[in-house]
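Dear colleague,

Here is the structure I promised to send over.

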Amino acid sequence: MPTSKPDRYTVPSNATERITSRIIRPLGVILVLLLVVYGWAVYNAPIDRVQGVIQKILYVHPPLAYGAYLGFAVTGIAGGLYLWRREEAWDRLAIAGAEVGVLFCTLMIVTGPIWAKGTWGRYWSWDPRLTVTLLLWFVYLAYMLLRSFSAGGERTARFAAVYGILGIVLIPLNYYIIEIFSGRSMHPENLERGSLGAGMGFPFLMGNLTLFIAFVYLLLLRWQVEALRADEAQRIHQRVGAEGD
Amino acid sequence: MGVTWAILWKDLLGEWRSRDRMVAMLLFCFLMAVVFWFALPDRHPEQWKELLPGLLWTAYVFASLLGLNRSFALELENDALAGLALAPGNRGFVFLGKASASFILISGVEALTAAAFGLLFGVDLTEVWLAFAGTVALATIGIASIGTLLAAMAVRSRFQELLLPILMLPALFPVLAAAVEATRAAISGLPLPFEAIQLLIVVDGIYLVVGFLTFDFILDE
């Protein structure tokens, strides 16, 4: 056995995936640097006068939400591209989008109630935005179950793509319905300029930037893993085929 | 369009000859009534009237899941699914045929269930039956269309009975929220809430279009 791993174990064979996998390592370096600055900024951020230290969840919670939506958007769009172009690379990107999206969504659903308990007084409130997020989380957990319950291969990719697109259709639909049927949201409509206290802008910005980079990093890493797995499966397939002859 | 009618006719004829899906769904709904009574005992008639929309829709949704699962499980026997895939023309019409057969079947079960629930819980539906039936039918279009699309996927996975509810319930949320709202108004004899009806029509349209366009990718083999 050679002592150093040959290149083919780390470089995907597909052209798109090979190019994207090149930026993973530099992105990781940037991410580490950002994490240091981010941690320092959050640590030094002022303590909210009304909410106390729990308000610092602000620097994690909304950025996680953006990541979750981004992941689900990636899944839907990559699924659409797969159905259109029939290139497996897009299906693998869709898997990565769903998994990273579910990770971000789960963390958001965990951090939200902690913050809510501290400020609204209870963990869960069936607030419109909470309900929509919960449903979205279910949609993409179902997406992952659909993949794992199916036999894999081309059919699973097609089914998953259709369900991923349905998931995207459901996002605005659920927002619309909750607008109609529930009372007003307890979430702020948006973070207007000036709604953040003095000294809170920088850590919030860093939170968004760092978690966005973390999202891209994890997405590309997951995509690369899936690509390498497919390559390896194909190699084994060829070897078995060659031995069989 | 001929394909749609042929599949609709085939499904309904098969169901008429065996009647197994219809009977199973109905029995399930009646059992649900008993479950509800044990879960929420000793209510006044007025309270039952308030609860009835939610109870009915709970029974309807789970009964639909049972029926939709079977709708494609039947096609697996003798590889009939491959035959469906070979139907001439756009496969969206195959989808419409399967969905309308499920719609008719589920609607029948819903009507009989409503009558039974009305009797059992002492809520008089005879005065308001038209508004009630209209709302339920509108919501059932959404259930049958998205359910047909997802059942065609679920049926070819492991644990198909388990997968369909997990795939389908999140997608049914808009339908259910609007349906319960509109049904409550219908049962109370109030004017139907415009927004709920509008939402049902929009969702029905979206699900029919999504199903029609994507069914090609589901049957493709």
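Tyr60(B) sits in helix α3 (residues 45-76) of chain B; helices here are DSSP runs of H or I of at least four residues, strands are runs of E of at least two, and both are numbered from the N terminus. Tyr60(B) counts as buried because it has 26 C-beta neighbours inside 10 Å. The cut-offs are 20 or more other C-beta atoms within 10 Å for buried, 12 or fewer for exposed, and anything in between for partly exposed, with C-beta atoms placed from the backbone. Leu26(B) is 34 residues from Tyr60(B) in sequence, and their C-alpha atoms are 9.8 Å apart.

Some ground rules. This is a predicted model, in which local features need pLDDT of at least 70 and side-chain atom pairs count only at pLDDT 80 or more, while totals for chains, interfaces and linings use all residues. Residues are numbered from 1 along each chain as its sequence is written, and chains are lettered from A and ligands numbered from 1 in the order in which they are written.

Helix pairs in chain B

Axes are lines fitted to C-alpha atoms, for helices over the stretch in contact, and angles run from 0 to 180 degrees between N-to-C directions. Angles under 35 degrees count as roughly parallel, over 145 as roughly antiparallel, 65 to 115 as roughly perpendicular, and the rest as oblique. The crossing of α2(B) and α5(B) is right-handed, that is, the near helix is turned clockwise from the far one by less than a right angle.

On the α2(B) side the contact involves Arg21(B), Met22(B), Met25(B), Leu26(B), Cys29(B), Phe30(B) and Ala33(B). They meet Leu105(B), Gly108(B), Val109(B), Leu112(B), Thr113(B), Ala116(B), Phe117(B) and Leu120(B) of α5(B). Two residues are in contact if their C-beta atoms, placed from the backbone, lie within 7 Å. The residues of this contact of α2(B) with α5(B) comprise 12 nonpolar, 2 polar and 1 charged; Ala, Val, Leu, Ile, Met, Phe, Trp, Tyr, Cys and Pro count as nonpolar, Asp, Glu, Lys and Arg as charged, and the others, Gly among them, as polar.

Gly108(B), in helix α5 of chain B, is partly exposed, because it has 14 C-beta neighbours inside 10 Å. Gly108(B) and Met22(B) are 86 residues apart in sequence, with 8.2 Å between their C-alpha atoms.

α5(B) also packs against α8(B), at an angle of about 105 degrees and with the axes 7 Å apart. The two helices α5(B) and α8(B) are therefore roughly perpendicular to each other. In this contact, Gly92(B), Val94(B), Phe95(B), Leu96(B) and Ala99(B) of α5(B) meet Gly211(B), Phe212(B), Leu213(B), Phe215(B), Asp216(B) and Leu219(B) of α8(B). By class, the contact of α5(B) with α8(B) has 8 nonpolar, 2 polar and 1 charged residues.

Trp9(B) is in helix α1 (residues 2-18) of chain B and counts as exposed, with 12 C-beta neighbours inside 10 Å. Its C-alpha atom is 7.9 Å from that of Ala101(B), 92 residues away along the chain. Arg19(B) lies in the loop between α1 and α2 of chain B. Arg19(B) is not a glycine, yet its phi is positive, about 55 degrees; it is exposed, with 11 other C-beta atoms within 10 Å.

Chain A and the interface

Chain A has 7 helices and 0 strands. Of its 245 residues, 33% count as buried. Contacts between residues 24 or more positions apart make up 80% of those in chain A with a separation of 6 or more.

Arg86(A) lies in the loop between α3 (61-85) and α4 of chain A. Its phi is positive, near 55 degrees, in a residue other than glycine. Arg86(A) is exposed, with 12 other C-beta atoms within 10 Å. After α4(A) comes Gly121(A), with a positive phi near 100 degrees.

The contact between the chains takes 23 residues from chain B and 21 residues from chain A. α7(B) gives the largest share of the chain B side, 10 residues. By class, that side has 17 nonpolar, 2 polar and 4 charged residues.

Regards
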